[in-house]
Amino acid sequence: MTLLELKNVSVSYGRIEAIHDMSFSVEEGEIVSLIGANGAGKSTTMKTISGLLNPSRGSLTFDGQEITKMKAHIRVVKGISQAPEGRGIFPGMTVMENLDMGAFGRKDRSGMSADFERVFTLFPRLAERKTQIGGTMSGGEQQMLAIGRALMSAPRLLLLDEPSMGLAPQFIKQIFTIITEINQQGTTILLVEQNANQALARAHRAFVLETGTITHSGTGKELLANPAIKEAYLGVG
Amino acid sequence: MSMSEGPKVLPGAETEKETIDVEARPKRSSGLFQPLVDKWNALPRPIQWLWLIIVVVIAYLLPILDIPILTTQPGNDWALACFSMASYALIAVGLNVVVGYAGLLDLGYVAFFAVGSYTAALLTSPDSPFAHIPYLWTIPVAMAVTMFFGVVLGVPTLRLRGDYLAIVTLGFGEIVRILATIIPALKGQVGFQNVGRPPGTAADGTPLFANSNGTPWYWLTLTIIIIVLLLVGNLERSRVGRAWIAIREDEDAAEIMGVPTFRYKVWAFAIGASVGGLSGALFAGQVGFVNNQKFDVQTSILFLAAVVLGGAGNKVGALLGGVIVAYIPLRFTAIANYKYLIFGIALVLIMIFRSKGLLPARQRLLAYGRTAYQRVISKPGTVTPPTPPEAEKGAAS
Amino acid sequence: MLDLLLVHPVSANDWISFDIPSLIQNFWSATFDGLTFGAIYGLIAVGYTLVYGVLNLINFAHSEVFIVGAYAVVLVLSALGFGPSVPTLPLSSIILDLVLALIIAMLASAATAFVLERVAYRPLRKRNAPRLVFLITAIGASFAIQYTIFLVRGANAEPAVTMFQAQPVFDVFGTIINSQQIIIVIAAVILMILTDQFIRRTRVGRGIRAVAQDPDTATLMGVNKERIIIITFIVGGILAGAAALFYVMLVPSGVQYNGGFVLGVKAFAAAVLGGIGNVRGALLGGLLLGIIGNYGQILLGDSQWTDVVAFVILVLVLLVKPTGILGTSLGRSRA
């Protein structure tokens, strides 16, 4: 079943169009990766899906419902949750408070405590540091917190914007393992990455974004094997 | 006034032009007089000069002409009204350097005006214990003193976000008035009588620059305005002016690109302050009397309204705004009591409906904003970053 | 330099004179009076500090939010029969009347803040206006409200409304502390603690802190930013309304159309002194500013010196420690 669908979406900043006429969909249960260079429009795509940006043309559908004009904070309640680029940890709040923020729109206490458990199982590190102030944590810990926080809204679609950015190699592997685990627990994931190797290897399907347009699409394995992509994004060839 | 002649560009055509001109910025409406401005810019240079000369001549003749519809008589003496308009115009041109060019909000401009007035009074009035100097000398002294105050006030605040400057100047405006009241040497409401005047005697033996005769004072002020406009125009086109615009458009970017933003902000603030002091000294001379009554916060906001109404960032616009803000309460005495309400609401409305005032900052200057970083830092010894394509377009237009 | 220019002898006392014996003699009464005024500054300062924390905007019109509340107090109490002389009503009915005046003042101030936000600031936010535009709008709105009051109520101060006779309660170091001072300081501190807890402990409070720290991410967490902003304005308005009641209690004849302005600058100075964006800082800054201002007034011999002292403190804090005593961010106020 199609969970998210973008139809002919264009997004502009003033007169500069960052995304041209983009269409793609995410099926329920998938991991979909968007890869591309800096400025290809990856983060713009994510912000458009989460509602921080409004498309100038085209439409977005989530779970069969049109969401093109829906406000960002309502999309969270509907089940779209984003771990923003650069992590976006509230620097003055503790780990617990940051996680609480993730559940801001929720009222079901039992479901929330189950999700706390889930996050602490996925990231035992966070359980150890419940009272630490977010701004004082390391980059890897902040990334865990950002993902954990995004899970606290019990999303159906999790948007991850460059989760590997600025992380040490051993952390990158760990983060991607956890992402796969979250997916296996039933959360659909749309992943934006510059680290194409990992992103393609973990994805069911993937799209390559170049200057605001999708240039390649296929399963993760197909794209990994594509010579052009190998050369441009995987540093081999 | 002469600029109002000639065919008007159709509103539709104007809109179309705008969509072409505005690059990658949120769309803004242009000033009210944009068609005129376009017309003016299209004129050849000699014709522009011809018109300018006509305007200047008319401006000098203004107090003598006393045009029936325009006149403020019988409620207010026309020549004195002209002086008042010229004073506001001069103040607005000075404040425009601070608010319009550098984008710094000065809410206590009247304080600099007050410092200038008191400087002139303390150095010329027989009520003052200080040594006396000829009146005309007090003008540069007043400018220097107010510039000093500008630096003292600017240095602690201009390092911080712009908001702090706004509140500090707002406070300063009030403090100067309070100090004039509570420091015994400044004589509070009693004030200083017989402030000096420029030399010269009329045929009947009375002083040429009599307090009741607005015309010579108006001519003096108008001459000073022309000089200040020329100086400010030169600054505007210089590296300093480009740095100001860069700061106004995006201070962080300017800083990153190597513009010493703090230093240029202090300069703008101090230059603006000194023009305020200059007009204060002129005011003190014309009235001949300085006390603590004229320098309230409301007046500062009127000054700001003049700049914003005329078009922040455009010196001619500011000049026009100053004239209008002074003229309306003098001409329409019935609404004089409501002037603060009117101009307060005008400020909010202009800001909300995003008009740039009567004469907007020139498109060319806005384009400067984007290229200014390059130009400012393209001095020897610094690295020039690659020119983004928009900037080139901006420079060419 | 100045001396060289002098032709007539001029005494230094003509400029500034210090009355140290008077300060020593009145030290404790100045302290207690200062605390009382400081509590009022603090209540107003919260309005500046919250809005600054969330929007990064100095809401110049907050002084008018306060003065509208003060007018509400005077009008309600006049209607209830209060006047310049001490009322002869039984205590219970005075208390009831004052509570009614307090509630109406809070409503009036909060409504003013609400309208201000919706009419003046929201349209600017919608189109991402530059900061200068916000500030000019703020000062314009402040002006427009002030002169609307002027049109309706005239230039003169409202007739005095005396709420009750201040009774001596304690004698500390030979100085009487009266019932007014106690009521004002305790009530202000309680209101500030409630506000502080509201921001720390409640869900909406967390939303306020989240928007203050990172508005975009807050939105991604499901926070309705517009709602948080309007709540922030309303909370500031409610506290300004409370400040208005206490102000009239202390200065029964002090309500004039332009009376909010200087108090506003002082309250903002208090917010900066304590650390802008910080509720506890607002209280601390208010109390300190009240005390120091009062010392200055007695030392220099004119009540208007309090304003000058407040201003000098503002500039000094900006020069030495712009983040204030307790630091700035709303979020960090927890630590």
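## Helix 4 of chain C

How many of the 18 residues of helix 4 of chain C are buried? In this predicted model, 15 of the 18 residues are buried, and helix 4 of chain C is accordingly described as mostly covered. From its first C-alpha to its last, helix 4 of chain C reaches 26 Å, close to the 26 Å expected at 1.5 Å a residue. Just after helix 4 of chain C comes G81(C), which takes a positive phi of about 100 degrees.

## Packing against helix 5

Helix 4 (residues 62-79) and helix 5 (residues 91-126) of chain C pack with their axes 8 Å apart, at an angle of about 145 degrees, and helix 4 of chain C passes helix 5 of chain C in a right-handed crossing.

On the helix 4 side of chain C, the residues making this contact include V65(C), F66(C), G69(C), A72(C), V73(C) and V76(C), while the contributors from helix 5 of chain C include L100(C), I104(C), A108(C) and T112(C). By class, the contact between these two helices has 13 nonpolar, 3 polar and 2 charged residues. An α-helix has 3.6 residues a turn, so residues three or four places apart point the same way.

## Where chain B meets chain C

Between chains B and C, 39 residues of chain B are in contact with 43 residues of chain C. Helix 6 (135-158), helix 7 (162-182), helix 12 (297-310) and helix 14 (339-352) of chain B each supply at least two residues of the side of chain B that touches chain C, and the largest share of that side, 14 residues, comes from helix 7 of chain B. By class, the side of chain B that touches chain C has 31 nonpolar, 6 polar and 2 charged residues.

Key
Residues are numbered from 1 along each chain as its sequence is written. Chains are lettered from A and ligands numbered from 1 in the order in which they are written. This is a predicted model: local features need pLDDT of at least 70, side-chain atom pairs count only at pLDDT 80 or more; totals for chains, interfaces and linings use all residues. Two residues are in contact if their C-beta atoms, placed from the backbone, lie within 7 Å. Helices (H or I, at least four residues) and strands (E, at least two) are DSSP runs, numbered from the N terminus. Ala, Val, Leu, Ile, Met, Phe, Trp, Tyr, Cys and Pro count as nonpolar, Asp, Glu, Lys and Arg as charged, and the others, Gly among them, as polar. Axes are lines fitted to C-alpha atoms, for helices over the stretch in contact, and angles run from 0 to 180 degrees between N-to-C directions. A crossing is left-handed if the near helix is turned anticlockwise from the far one by less than a right angle, and right-handed if clockwise. The expected span of a helix is 1.5 Å times one less than its number of residues. A residue is buried if 20 or more other C-beta atoms lie within 10 Å of its own, exposed if 12 or fewer, and partly exposed in between; C-beta atoms are placed from the backbone.
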